[in-house]
Protein chains: 4
Amino acid sequence: MEHVTVNFYREDEIEAPILIEGLPGVGHVGKLVADHLIDELEGELIAEIYSLHFPPQVIVGDHGVTKLVCNEIYRCEKDGKAILFLVGDFQSTSAEGHYILTESYLDIAEDLGVRRIYALGGYGVGHLVENPRVLSAVNMEHLRPEVEAAGGSFENAGMGGVIVGASGLLLGLGEVRGIEGICLMGETSGYIVDPRSADSLLAVLSSLLGIEVDHTFLQERAEDMEQAIAAIQEAEEARGREELNYIG
Amino acid sequence: MEHVTVNFYREDEIEAPILIEGLPGVGHVGKLVADHLIDELEGELIAEIYSLHFPPQVIVGDHGVTKLVCNEIYRCEKDGKAILFLVGDFQSTSAEGHYILTESYLDIAEDLGVRRIYALGGYGVGHLVENPRVLSAVNMEHLRPEVEAAGGSFENAGMGGVIVGASGLLLGLGEVRGIEGICLMGETSGYIVDPRSADSLLAVLSSLLGIEVDHTFLQERAEDMEQAIAAIQEAEEARGREELNYIG
Amino acid sequence: MEHVTVNFYREDEIEAPILIEGLPGVGHVGKLVADHLIDELEGELIAEIYSLHFPPQVIVGDHGVTKLVCNEIYRCEKDGKAILFLVGDFQSTSAEGHYILTESYLDIAEDLGVRRIYALGGYGVGHLVENPRVLSAVNMEHLRPEVEAAGGSFENAGMGGVIVGASGLLLGLGEVRGIEGICLMGETSGYIVDPRSADSLLAVLSSLLGIEVDHTFLQERAEDMEQAIAAIQEAEEARGREELNYIG
Amino acid sequence: MEHVTVNFYREDEIEAPILIEGLPGVGHVGKLVADHLIDELEGELIAEIYSLHFPPQVIVGDHGVTKLVCNEIYRCEKDGKAILFLVGDFQSTSAEGHYILTESYLDIAEDLGVRRIYALGGYGVGHLVENPRVLSAVNMEHLRPEVEAAGGSFENAGMGGVIVGASGLLLGLGEVRGIEGICLMGETSGYIVDPRSADSLLAVLSSLLGIEVDHTFLQERAEDMEQAIAAIQEAEEARGREELNYIG
């Protein structure tokens with residue numbers, strides 16, 4: 001069995017200069033943004049990626065029909081700009097598998113003419129963040145001014161941080177192939193799926209892409225989430241007061 | 001050393017359109033059904049499968065004679081229908097091994113003309129079940145009505161469930177090869193070897209296969225098990241009453 | 001790098017019909033017997049086996065000179081009988097490695113004309129044993145009477161036991177190649193290095209080999225060990241009495 | 001993907017008879033010495049080593065620019081003597097990977113004409129050491145007098161110790177290729193990064209190399225560290241006295 005198998009649904013006119021990666025990670029921030037963009041830009045599924053480095057399982061879908069675990073490549077066009085997306089529910093089950101899978105992702109990217117990759121993710125800080133920054137890293141120094149102009153922050157630079165998994169390796173192994181890589185990480189608590197952080201990230205990303213995207217859906221999800229959290233906090237405070245009365 | 005080695009005891013007239021998988025899993029439900037069918041239909045051992053993805057050990061048999069761990073292929077004929085069985089005591093020791101072993105199982109299936117696979121297992125619910133349902137999944141949507149007509153339930157669909165290991169991958173990787181796959185999972189507590197759940201599963205499976213099978217053995221085992229559980233519960237209640245008396 | 005590398009110190013006249021395996025295991029029983037035999041029969045080191053499936057380390061020897069971890073093949077001749085030994089300090093670090101290493105051991109055995117393998121080990125029972133039995137298993141049924149005549153017991157047969165690691169796989173994978181395999185396991189507590197169990201095992205093994213071996217060294221080590229254990233037990237009983245006096 | 005990839009920045013006139021390994025380990029002693037020597041001798045980066053046996057991540061550098069994890073080869077010349085260094089932040093993530101990476105290190109060493117390797121490390125003793133010894137091991141017995149003359153100690157010999165990872169395997173696998181290997185291990189507590197131990201190690205190493213190196217930087221770091229530890233100890237004693245007063 002091959003380590004990685006790629007099935008294309010369409011072979012012609014699928015080139016694009018940009019690839020956006022939004023695989024699962026902290027706060028599902030990258031995944032939220034990528035899935036939102038695919039919805040808004042009406043992306044088309046062009047390929048599926050299977051691998052023995054994914055978990056050995058199938059997912060039971062809505063009609064009881066199984067689907068082998070895989071990641072997917074979508075393609076969108078907006079204002080004459082073509083963009084590819086790498087999305088899905090899985091990263092590698094092993095350390096070596098991360099390298100092997102990322103090399104496959106880059107093989108696909110090179111074949112389709114990709115010259116720049118945006119790797120999206122979350123940056124866990126351990127507490128709720130009201131105005132999440134979009135912390136950034138680049139794999140070539142000349143990319144930094146462009147990211148800063150779009151609102152990306154480099155305040156995390158020089159703190160010895162690492163970027164693990166597909167996002168990190170797309171920048172690291174991409175650089176070897178001469179592909180530009182920009183990693184955008186929305187600040188997030190790390191405890192919840194975080195649409196507010198995703199909304200901030202989307203603002204920076206759409207500025208970098210030079211396209212306008214409707215934020216309504218992410219903003220509504222963020223407000224729903226914030227109301228739910230406020231309700232929980234209120235209930236806890238109420239219980240706290242009761243306990244004080246009881247003691248008193 | 002090869003990853004997987006298959007030794008055939010017989011090479012001619014071993015084709016069959018159906019393969020039933022009953023490897024170990026929750027409540028040993030699938031294994032109970034497959035072993036019962038092989039007994040009732042007087043199956044013949046036609047192949048053994050060895051692999052470095054199985055545990056590195058031999059089993060000491062009844063006469064002190066060792067046997068290298070392996071899975072087995074049996075073949076039965078009933079009412080002019082030929083059926084293969086994949087049974088044994090082991091699944092892979094690693095995530096990657098599940099993929100490699102399942103591809104080997106499918107190679108054998110394809111070589112022997114298999115067009116449909118039944119993957120049998122248990123569906124753990126964490127409490128005793130009086131009338132266990134047979135929850136189901138299929139790898140092609142057109143198979144669903146047939147399964148429902150035979151008494152299989154799809155009430156688990158759309159809940160984000162996964163099927164792990166050989167059962168799941170036989171459906172997922174089988175689909176890629178155009179082999180129909182039906183997974184039948186008997187509801188079971190997950191705490192005991194469960195012949196009652198196996199009995200329910202056998203009813204659905206024999207209807208799908210269009211063959212009649214004697215259930216006596218499984219039903220007797222189920223009754224024995226239920227009497228044993230009832231005795232334990234009675235003893236516990238008696239002890240509970242005593243403790244109440246003592247406190248009183 | 002090769003998975004396994006074998007370096008021969010001598011190439012000619014090294015054939016032998018018998019291989020005795022005494023790698024580390026429960027109570028170091030097999031290792032004690034094999035090392036004792038190599039000493040008594042003045043074995044000659046003929047090969048070293050290196051592998052990336054052994055732990056990644058060197059051992060610092062008596063003069064501060066390092067030695068890469070390896071297993072060793074010794075050869076002895078006694079009364080015109082030639083015997084090979086597989087000994088050392090290591091088994092595989094992974095499940096797959098056990099298979100790969102054992103296939104290499106069997107390649108060497110086949111190349112050197114081995115027709116029978118004795119796999120030596122301990123059988124842990126969790127308590128001190130005064131007269132340890134030598135529990136046995138064979139990979140071909142016709143070997144059983146010979147083992148019983150030499151004093152080996154098969155009382156462990158039919159209890160669903162397994163033999164793990166090199167000892168088990170030498171029997172299991174050896175059978176595939178038509179090499180006879182006999183596993184001898186001295187009963188032992190599992191808590192201590194057990195020369196008494198090794199002494200019992202040696203009696204059965206030397207009867208099977210048809211050679212006489214001096215037991216003095218193993219018996220002295222056994223007596224030393226038993227005196228040490230008796231002293232500890234006496235001290236514990238004395239402390240027990242004191243505590244009783246104190247309470248009284 | 002290759003297991004290991006080596007990128008050379010320079011191809012000509014890079015040969016050297018000596019390689020010094022200072023990868024991360026106990027007390028970072030080896031790394032401190034190697035990095036100090038590269039600084040003092042103004043080493044030139046000549047190659048980077050990438051591998052799927054390293055952790056799957058990139059490091060975010062000072063300007064927010066990512067760097068794929070790798071180890072590095074530096075080259076220095078001093079008094080007409082050429083020396084190579086193997087340094088970096090990573091060892092293998094798996095047992096097998098240690099073997100595969102070390103074979104690659106040795107391939108590079110052989111290509112560049114290396115005839116002797118110094119593997120530097122720490123020797124953890126679990127308590128602070130005022131005058132750390134430099135414990136030693138060699139892969140060929142004839143090397144021992146030279147190491148002793150330079151101040152290396154062999155008091156650890158014959159205690160059944162092991163040297164794990166790249167340092168150990170460079171000696172073990174190097175011996176197979178006929179490359180001399182000397183392992184120098186500065187005694188250290190194991191709790192702190194230990195420049196005092198590194199300073200002792202540097203004295204022995206520079207004597208072996210026959211070159212003079214300025215120790216100032218390491219000695220200053222050692223004094224800073226010792227003052228910090230003394231301050232902590234004083235604070236703890238003060239708190240101890242207070243607690244006694246409180247009890248009294």
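**Exercise 1.** State which strand of chain D pairs with E10(A), in which sense, and over how many bridges.

Solution. Strands are DSSP runs of E with at least two residues, helices are runs of H or I with at least four, and both are numbered from the N terminus. Two strands pair if DSSP finds at least two bridges between them. E10(A) pairs with strand E4 (residues 57-60) of chain D in the antiparallel sense, over 3 bridges. Within E4(D), D:Gln57 is the bridge partner of A:Val164.

This is a predicted model, in which local features need pLDDT of at least 70, side-chain atom pairs count only at pLDDT 80 or more, and totals for chains, interfaces and linings use all residues. Residues are numbered from 1 along each chain as its sequence is written, and chains are lettered from A and ligands numbered from 1 in the order in which they are written.

**Exercise 2.** Describe the side of chain A that touches chain D.

Solution. Residues are in contact if their C-beta atoms, placed from the backbone, lie within 7 Å. Chain A brings 26 residues to the contact and chain D brings 16 residues. On the chain A side, at least two residues each come from helix H2 (95-111), strand E9 (134-138), strand E10 (162-164) and helix H4 (166-176). H2(A) gives the most, with 6 residues. By type, the side of chain A divides into 13 nonpolar, 9 polar and 4 charged residues. Here Ala, Val, Leu, Ile, Met, Phe, Trp, Tyr, Cys and Pro count as nonpolar, Asp, Glu, Lys and Arg as charged, and the others, Gly among them, as polar.

**Exercise 3.** Decide whether A:Ser167 is buried or exposed.

Solution. A residue is buried if 20 or more other C-beta atoms, placed from the backbone, lie within 10 Å of its own, exposed if 12 or fewer, and partly exposed in between. A:Ser167 lies in helix H4 of chain A. A:Ser167 has 29 other C-beta atoms within 10 Å, so A:Ser167 is buried. Leaving aside neighbours within four places in sequence, the contacts of A:Ser167 include A:Glu21, A:Ala119 and A:Cys183.

Conventions: Two residues are in contact if their C-beta atoms, placed from the backbone, lie within 7 Å.
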